[in-house]
Amino acid sequence: MTRRLLVGYLTITLIVLLAFEIPLAIFYSQREEERFTTRVERDAVVLSSFYEDVLDAGAENDPAPAMDYADRTGARVVVTDAEGLSLLDTDQRTGRDFSTRPEVGQALTGSRATGIRHSDTLGTDLLFVAVPIASGGTVHGVLRLTVDAHEVFQRVERFWLSLAAMALVVLAAVAVVGWAVARSVTRPLRQLQTSARRFAEGDLSVPPPPTEAPEEVQALAHAMGVMAGRLDELIGKQRAFVSDASHQLRTPLTALRLRLENSRPALATGAMRPDAEAAIDETRRLSELVDDLLKLAQAEQAADVEPIDVATVAAQRADTWSALADVSSVTLELDGPQSGVWATAVPGSVEQILDNLLDNAVSAGPEGSSVTVSVGRRPGSVVMAVSDRGPGLSDEAKERALERFWRGSQATPGTGLGLPIAHSLAEAAGGTLTLSDRPGGGLTAQVTLPETSAPQDDRERTTSEG
């Protein structure tokens, strides 16, 4: 918008300059030509008065006035008789016939003739003025002055260049001032754009409306603030409801599952046994769903981050899950350092992320395959990755796998909240979670967290132990 305003300012300024300078330049050119022509014509009339009596009386011409004028002005002076034959010429011999020249022919009729024409011989523009030499109504001859008009045209050209230079200066000044004005006008809109971008990223904090903005922009900022406040309140209530509901449901669901499990011996030989087993499985699945909803609600709540030794946590979780991996005939491998890799994360989130990723990887891996947990560094970040040798996912499935409650099929175990929980926990720390194909088959879930340095007390402990 700033660029558009600036282009608008410059366009309006250019139109005004053209509307003002073009007529002014044309008027100046015409005025200079008229002044120059008038001056030369006046000189021609004065000179013709010297030769009026000479031609009337038939006396000999005195070339002194004409030669003196020619020396002073550089003009060519020609005096002809009534037949158009030159009696005096400051540049060439006399006796030449000038009656064929239009201006001389017109002056012989008693009228003055003026004009500008280009001389190919001299390579310049010449102003000519022809006045009749007459007395008592009788034309005795013609006096013609021819003057180089290059000086006039140079003066006009300099004037045009000065106008162009002035226009450039004005445009440059308007560009600078217009840029400052446009930036000041669009600054409140840019602030609103920044607020809208924050809203899109999940930050619903309400900034104060710009006080220097127009009333319409202030009203829009106020409306956005109210909207953000309402959204924040509604989202907070939703998260609180999910968290409270999950807490309230956990106890009765646990009690119901225990009652059904305690009733299993009594139903072991009856016809109700399949229904009881199905009911126990459903209550177990419902308990898992409630636990995952509670974890998801906690992951979405804003929490402080702190330095976490990701390598140590990864080694601990790999050791914990190795027993379950052995039961599933899957080999669990740890790649990378087992301590000293620090990242900022929500307390307890790295454990939850790894538990969800390892649960999926061990469940997806076929018997005899391997699951690899790796920890490494990149510039400014720490990377955790869990790779399996399972069937993998299509590109569309990889995108949808981070959606809540999505499962590849109804036969797929789980609640469809494991990956979304891990994704939310990674984002809460300013990190990311991505899914990609593992070379040779399988899936790799990669988590990136911001790198940080070890806490001071940890560094001191490491130094003392060394």
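The backbone oxygen of proline 366 lies 2.5 Å from a polar atom of the side chain of serine 369, a polar contact in the sense of a pair of N or O atoms within 3.5 Å, where within protein one must be able to donate a hydrogen and the other to accept it, and where residues adjacent in sequence count only if both atoms are side-chain atoms. This is a predicted model, in which local features need pLDDT of at least 70 and side-chain atom pairs count only at pLDDT 80 or more, while totals for chains, interfaces and linings use all residues. Residues are numbered from 1 along each chain as its sequence is written, and side-chain values use heavy atoms, with hydrogens and water left out.

**Around serine 369**

- Serine 369 lies in the loop between α8 (349–364) and β9, where helices (H or I, at least four residues) and strands (E, at least two) are DSSP runs numbered from the N terminus.
- Serine 369 counts as buried because its relative accessibility is 9%, and buried means under 20% relative accessible area, exposed over 50% and partly exposed in between, with a 1.4 Å probe and protein chains only.
- Leaving aside neighbours within four places in sequence, serine 369 is in contact (heavy atoms within 4.5 Å) with Ser329, Val330, Thr331 and Arg389.
- Serine 369 and arginine 389 are 20 residues apart along the chain, and their C-alpha atoms are separated by 6.2 Å.

- Strands β9 (residues 370–378) and β10 (residues 381–387) run antiparallel and are joined by seven bridges; valine 375 has methionine 384 in β10 as its bridge partner.

**Helices on the sheet**

**The chain as a whole**

- The chain contains 11 helices and 12 strands, and 36% of its 466 residues count as buried.
- Among contacts between residues at least 6 apart in sequence, 64% join residues at least 24 apart.

Note on methods:
Two strands pair if DSSP finds at least two bridges between them.
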